[in-house]
Amino acid sequence: MRARALLAAYLTLGVADTVFAASGVDGPRWVSKTLLMPVLIAFVWVAARPGAGRAGLPIGALAGGFVGDVGLLVDHDAAFMIGMAGFAVGHVCYLLAFRRLGGTLSPRRALGYLLAWGAMMALVWRGLDELLVPVLGYSLLLTAMAAYAAGVGRRTGLGGALFLLSDAVIALGIADVDLVPGQDAVVMPTYVAAQLLLALTWATWPFARPDAEEATDRSAASSS
């Protein structure tokens, strides 16, 4: 039941922050956005499947996401760089975790993601100015994470792809490139979904029935 409550809280925060972001209301986002990753970390801790571990790399990745979320809330270049560094650390943690799970990277998939990265950079590089070099490095790391995620499983791969999409839209905004009307509105829903799908790689899903959970809790209590 705790896992269900935490998942519901995460999704509620994600919807609320999406609405606040779309409405341009920044104040409440210091609650809705900053709580997203702590709640998801608690969910992974509680819902970790047997053998997945209750700490370590996945939680490190989400902690990096927390730093990134807070950094991007502050309208300052230094804070943005700190936020991007936080996300970068998270991607490194995800990459290492995927390798431990046996994730692979085929040449065909690597080429496909590399072409996608090149196409995006071709769209934004002129407008990035002094952010060009850090964004190039960060986006390559993110692309590698997404490519490796696809080698773990479909759900994890979708999470990596959505993360790539979310950050690509942010890059478009920084470079003042408008591909479609209202493109910024997809940043938060794709990011919220991406982090959840990636986190579910280490969580038991779907949840066991309530009676099965109670039986498991009773068994654990009797053995302790």
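Mentor: Start with a definition: buried means under 20% relative accessible area. This is a predicted model. Of the 224 residues of the protein chain, 43% count as buried.

Trainee: Why is Thr143 called buried?

Mentor: Set the value against the cut-off. Thr143 has 6% relative accessibility, so Thr143 counts as buried. The limit is under 20%.

Trainee: Where is Thr143 found, and what does Thr143 touch?

Mentor: Helix α7, residues 132–150, holds Thr143. Leaving out residues up to four places away in sequence, Thr143 touches Tyr113, Trp117 and Leu164. Contact here means heavy atoms within 4.5 Å.

Trainee: Why does Val67 count as partly exposed?

Mentor: Exposed needs over 50%, buried needs under 20%, and partly exposed lies in between. Val67 has 34% relative accessibility, so Val67 counts as partly exposed. Val67 is found in helix α4, residues 57–73.

Trainee: What makes the nonpolar surface patch with Val67?

Mentor: Phe66, Val67 and Ile82 make that patch, about 240 Å² in area. A patch residue needs over 30% relative accessible area. Val67, at 34%, is over that cut-off.

Trainee: How many helices and strands does the protein chain have?

Mentor: Ten helices and zero strands. Read along the sequence, the pattern is α-α-α-α-α-α-α-α-α-α.

Trainee: What share of contacts joins residues at least 24 apart?

Mentor: Take contacts between residues at least 6 apart in sequence: 73% of them join residues at least 24 apart.

Technical notes:
Residues numbered from 1 in each chain as written. Predicted model: local features only at pLDDT ≥ 70, side-chain atom pairs only at ≥ 80, totals over all residues. Heavy atoms only, no water. Helix = DSSP H or I, 4+ residues; strand = E, 2+ residues; numbered from the N terminus. Buried < 20%, exposed > 50% of the residue type's maximum accessible area, 1.4 Å probe, protein only. Patch = residues over 30% accessible without salt bridge, like charges linked within 9 Å, V, L, I, M, F, W, Y side chains within 5 Å. Areas by Shrake-Rupley, 256 points an atom, 1.4 Å probe, with all protein chains shown as cover. Salt bridge = Lys/Arg side-chain N within 4 Å of Asp/Glu carboxyl O.
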